[in-house]
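My entries follow in the order of the look-ups.

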Amino acid sequence: MQIKYLTALLLAAAAGLSLQAQANTDIRVTYAGSMGKVMDQSLGPAFAKQNDGKYEGQGQGAYGMARLLASKKITADVFVSITPGPMQILKDAGLIDDAVPVASTSMVVAYSPKGKFAQQFAQAKGSDASWLKVLATPGIKFGRTDPINDPKGQNIIFTLLLAEKYYKQPGIADKILGGYQNPAQTHLEGGLLARLESGQVDAAAGYESEVISAHLPYVALPDEINLSNPDMAKQWYDTVSFSVKDSAGKDKELHTQPLVYYAAVLKNAPHGTAAGKAFVDFMLSQPGQALFKQNGYAAPKGGAVYQ
Amino acid sequence: MKTRHATALWLSLPALLLLAVPFVTLIGITQWQHMHLAWGDGNAIATSLGLGAIALLLIFISGLPVAWWLSQAQGRARAIVELLVMIPLLTPPLAMGILLVSAYGPYSVPGELLGKFGWTLVNNPAAFILAQWYGALPYFITTARSAFAGVPQDILDAGRTLGASSWQGFWRLSVPLAAPGLASATALAWVRAMGEFGIVMIFAYFPQGMPVQLYNNLQNDGVDAVYVLLWLLLLFTLPVPLLCFVASRRVHSGNTSME
């Protein structure tokens, strides 16, 4: 008797949950982890307000997020990635038709304003090799993310390899990095941020957008090495590469991809592709672009992919 | 008696079902024909088990006196120590990792002291063990303390009247009588240390144990690689708690047969 009552209660609760109605102006966006601030605090709320709906944002490593979406473990209306790499996973899974550029950024070197090297970094400029020399100082604590699973971790290696050529400082990249996956420098995204903000690293590789969002001082770098400008690809970016081990333990050669943020509407969008399209259009609209700019992002560069 | 057990079992069904659902799903979605390790899985297993064993030993040695003292103590001192154990228990692992970075990072006071000897606590085995230690110690102390508290006071009093020192009372009476509970505490500490991700991902990303490798596998190879490593994680970490349970049951039945 008691059990029957309990079962009925459980069933009723379940039915209630599944019947929860959803207005079609609601939106669920998944995005590359570094975009948390601009998505959850600027674009998302602004879109929700404009459409009188609800915004849900989820950020994580872009590759992991793409794989969760591709295997249908999670669903979303829109996916925003940095570089076209994670998008390819969704394209291969047949979940998207095309992806449009919505913003861009560049590689910078952020530094701790309270650290021992703050003054040296403040005087350094991207126009000469001074910042490289500070980074190569023995004893400096430099932080970066893991090139094995994070595009940003790969990008700082590309930038340093390019800097070696650009400033004609052979061998300096290896001197700074101490191996591609040097445990003394490599952290997971959240761990690196915690170290930088608590002053436990002196400098860290970052995207200009997130560094501006976090109000940290940084050294801006020239286009030839900051990976932001697709026009520099042929002459500069494409000339460097390095290898990491893939899941079979074999060497996999990595090449640069432009630091452009792409957005795509998913075919299995829970709120419908129209809602997804509305959010992408909003990101490209003047108010949307203004919000990107406020958060330190640069204008979209290059054309759509897969068209 | 029997009907009461039957009712209890029926009432247990929702909880049991809840616990079983993800793992029944896991059996269904694992690609049994294509089971193969991703690169680094073997190392991750060795790291988790090897360093986890050291952490477990440290947790046991450091936690046991605290648990016993808590079970015996009274007054304000006990309240303060209880609070000290409760705060890390309540702190979410991610926040704990951030605190550890600030407390033991190279520019913290302990970090600078260690630096004088050329040591650091950044992404090395010592940092990994410290992360597990922090993750599991409060759980061990809380569970072991309940085990000690379950030892009847009159047995300890009787021991004292017969001339046992408090050290003898602890080793000869408290520990054997609390053994089943201590085994549970050890099992819980092991499980907690093995699964520790929040602290580790912030404070000790290297050497990479199984939870971090699960994250890597998801990023690089997708969910199928996660399932394989999850099976291995269960396979390699289950024996310790199972042994603890078997041992405690044996001690327990030994005790009752003596009575």
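**Entry 1: the interface**

I note that the model is a predicted one. I then turned to polar contacts and recorded 9 residue pairs across the interface of chain A and chain B, both residues of each pair being at pLDDT 80 or more. On the chain A side, I found that α3 (62–70), β7 (186–187) and α9 (189–197) each supply at least two residues that touch chain B. By class, I listed 10 nonpolar, 15 polar and 9 charged residues on that side of chain A.

I next looked up the extent of the contact. I found 34 residues of chain A in contact with 29 residues of chain B. The two chains bury about 2,800 Å² between them, and 61% of this lies on carbon and sulfur atoms.

**Entry 2: salt bridges within the chains**

I recorded 11 salt bridges over all chains. I examined three of them in chain B.

I found E82(B) in a salt bridge with R78(B), with the closest N and O atoms 3.9 Å apart. Both residues belong to helix α3 (residues 75–90) of chain B and are 4 residues apart, about one turn of the helix. I reminded myself that an α-helix has 3.6 residues a turn, so residues three or four places apart point the same way. E82(B) is partly exposed at a relative accessible area of 26%, and R78(B) is partly exposed at 27%.

I then checked D157(B) and R160(B), whose side chains meet in a salt bridge at 3.6 Å, N to O. This pair lies in helix α7 (residues 153–161) of chain B, 3 residues apart, again about one turn of the helix. I noted D157(B) as partly exposed, at 33% relative accessibility.

The closest N and O atoms of R192(B) and E196(B) are 2.9 Å apart in their salt bridge. I also recorded that salt bridges with shared partners join R28(A), K54(A) and E56(A) into one network.

**Entry 3: a buried loop residue**

I located T83(A) in the loop between β3 (78–82) and α4 (85–92) of chain A. T83(A) counts as buried because its relative accessibility is 2%, and the cut-off for buried is under 20%. Leaving aside residues up to four places away in sequence, I found T83(A) touching Q257(A), P258(A), L259(A), V260(A) and Y262(A).

I returned to α3(A) and found 8 of its 9 residues buried, so the helix is largely enclosed by the rest of the structure. The buried residues are A62(A), Y63(A), G64(A), M65(A), A66(A), R67(A), L68(A) and L69(A). Just after α3(A), I noted that K72(A) takes a positive phi of about 60°.

Lastly I checked the length of helix α11 (residues 223–237) of chain B. At 1.5 Å a residue, its 15 residues should span 21 Å, and the end C-alpha atoms are 21 Å apart, which agrees. Among the residues I found buried in α11(B) are V223(B), Y227(B), L232(B) and T237(B).

Technical notes. Residues numbered from 1 in each chain as written. Chains lettered and ligands numbered in written order. Predicted model: local features only at pLDDT ≥ 70, side-chain atom pairs only at ≥ 80, totals over all residues. Heavy atoms only, no water. Contact = heavy atoms within 4.5 Å. Buried area = accessible area lost by both parts, 1.4 Å probe. Polar contact = N/O pair within 3.5 Å; in protein donor to acceptor, adjacent residues only side chain to side chain. Nonpolar A, V, L, I, M, F, W, Y, C, P; charged D, E, K, R; others polar. Salt bridge = Lys/Arg side-chain N within 4 Å of Asp/Glu carboxyl O. Buried < 20%, exposed > 50% of the residue type's maximum accessible area, 1.4 Å probe, protein only. Expected span 1.5 Å × (residues − 1).
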